[in-house]
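Work through the following exercises with the model open beside you. Each task is followed by a solution that goes step by step.

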Amino acid sequence: MIIKPKIRGFICVTAHPDGCAAHVQEWIKYVKSKGPIAGPKKVLVIGSSMGYGLASRVTAAFGSGAATIGVFFERPSEEGRPATPGWYNSIAFTQAARAAGLYARNVMGDAFSDDIKAQVIAAIKADLGQVDLVVYSLASPRRTHPKTGVVHKNCIKPIGAPYTNKTVDTDKGIVSEVTIEPATEAEISDVVAVMGGEDWELWIQALADAKVLAPGAQSVAYSYIGPEVTWAIYKNGTIGHAKDDLERAAKAIDAKLKANGNGRAFISVNKALVTQSSSAIPVVPLYISILYKIMKARGTHEGCIEQMQRLFATQLYNGNTAKFDEAGRVRVDDLEMIPEVQDAVRRIWPAVTTENLEAQTDIAGYRSEFLKLFGFGLPGVNYEAEVEPHVPMI
Ligand code: NAD
């Protein structure tokens, strides 16, 4: 099959196996180039096939030589249709890890379910005994609650009042105004159920009950705060509400892990980046396009892998003491949030139009990063050649 990108709105419905593998290889190469990290040895990554979770897994394995178990929910290929990119990423990661003599095991399925938690615990018991780091990096459109069976849907909406701002159709390059109606109470609690901290707590409880958390084990989950221009839709909206709940859970889990050999749990606030999840949020892709332009010009731009390598090497491990903000969060969004960068965003924001989008923003960089998520635009990959889309999970 010859696989080309097919973009539908904010999603690309095709993915290229060789391109995804090349992307994973780029990340591995980057982590190796930064040298070893005296870090974790046995790591569970929940949400390990894309974005920040995949970058955490690559960093743990190729920075610290860690054995990794990855949990993810991806669709395999079907007749005439390639698999989702996380499927190919996970295979590429696993092949590379095993070739480097590292243990890597994949558990494919719904991380919110009791069944997948039981499968992971059985895998840890059988192969690793215990884990010393649990990374929680899920971003999901829905969650079936394991106890009630209720399906909670994720929706990105403001709270309290409608929100109007500029947004960009990244595919067509059209800048327009969008108005998003506020969430209902039911929608707010649904988003908290999907993206809040309950499932992280259920994971840690299940792992602790099964005695598969090593003494001193740590856990980290990821959040975003961002600048005022996105607050109505992010920080003060449904997703921000869920992230507040994630912070609540971090404190509860921290207390539990402290009692387990002085471990800890915390939130790392990461930079805004192009991922499958962030591309679905209105307004944010325009902010990211402006941000990339400014940070690239300053030489401070980072992608998922640079962020996670820096998190592990300078905050969590290597003998460093994590620097917490006033709310007890680690911040690797520091370079995004410095006043000079945000002043520049504020200056550019009102001036952006469809006509000057290319000049005022890094929409070109946004698009190429977006395509890369699906394995397109990687150097050295022949996109005109036939490629086998059906690759079994390993
Ligand atoms: P992503 O879409 O790139 O990856 C999500 C991962 O979750 C994938 O591995 C997917 O397979 C997995 N997943 C989703 N539903 C699942 C399920 N039911 N069972 C098992 N696995 C499932 O997401 P991302 O952007 O890397 O986000 C990860 C975390 O980082 C989120 O908490 C997000 O809020 C946070 N974050 C993202 C950004 C950003 O700009 N993208 C910034 C800061 C923080």
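**Exercise 1. Which residue places a backbone N or O atom 3.2 Å from an oxygen atom of the ligand?**

Before starting, note that this is a predicted model, in which local features need pLDDT of at least 70 and side-chain atom pairs count only at pLDDT 80 or more, while totals for chains, interfaces and linings use all residues. Residues are numbered from 1 along each chain as its sequence is written, and side-chain values use heavy atoms, with hydrogens and water left out.

*Step 1.* The residue is F73, whose backbone N or O atom lies 3.2 Å from a ligand oxygen; this is a polar contact (a pair of N or O atoms within 3.5 Å).

*Step 2.* A polar backbone atom of G109 lies 3.3 Å from a nitrogen atom of the ligand, and a polar side-chain atom of T275 lies 2.7 Å from a ligand oxygen.

*Step 3.* On its own the ligand has 830 Å² of accessible area (by the Shrake-Rupley method with a 1.4 Å probe), and the protein covers 93% of that 830 Å².

**Exercise 2. Describe the shell of residues around the ligand.**

*Step 1.* The ligand is surrounded by 30 residues, the closest being S49, A111, K243, T275 and S277; a residue is counted if one of its heavy atoms lies within 4 Å.

*Step 2.* Sorted by class, the shell has 13 nonpolar, 13 polar and 4 charged residues, where Gly is placed among the polar ones.

*Step 3.* The helix α2 (51-64) and the strand β11 (213-223) each supply at least two residues of this shell; helices (H or I, at least four residues) and strands (E, at least two) are DSSP runs numbered from the N terminus.

**Exercise 3. Which helix gives the most to the lining of the largest cavity?**

*Step 1.* The structure holds 1 cavity of 30 Å³ or more, where a cavity is a set of points, on a 1 Å grid over the protein atoms alone, at which a 1.4 Å probe fits but cannot get out, and lining residues have an atom within 4 Å of a point.

*Step 2.* About 60 Å³ of space lies in the largest cavity, and its lining consists of H23, V24, W27, M50, G51, L54, N89 and L373.

*Step 3.* The answer is α1, with 3 residues, and the lining by class has 5 nonpolar, 3 polar and no charged residues.

Technical notes
A polar contact is a pair of N or O atoms within 3.5 Å; within protein, one must be able to donate a hydrogen and the other to accept it, and residues adjacent in sequence count only if both atoms are side-chain atoms. On a 1 Å grid over the protein atoms alone, a cavity is a set of points where a 1.4 Å probe fits but cannot get out, and a pocket is an open set with protein on both sides within 12 Å along at least five of seven lines; lining residues have an atom within 4 Å of a point. Grid points are joined across faces, edges and corners, and a volume is the space filled by probe spheres set on the points.
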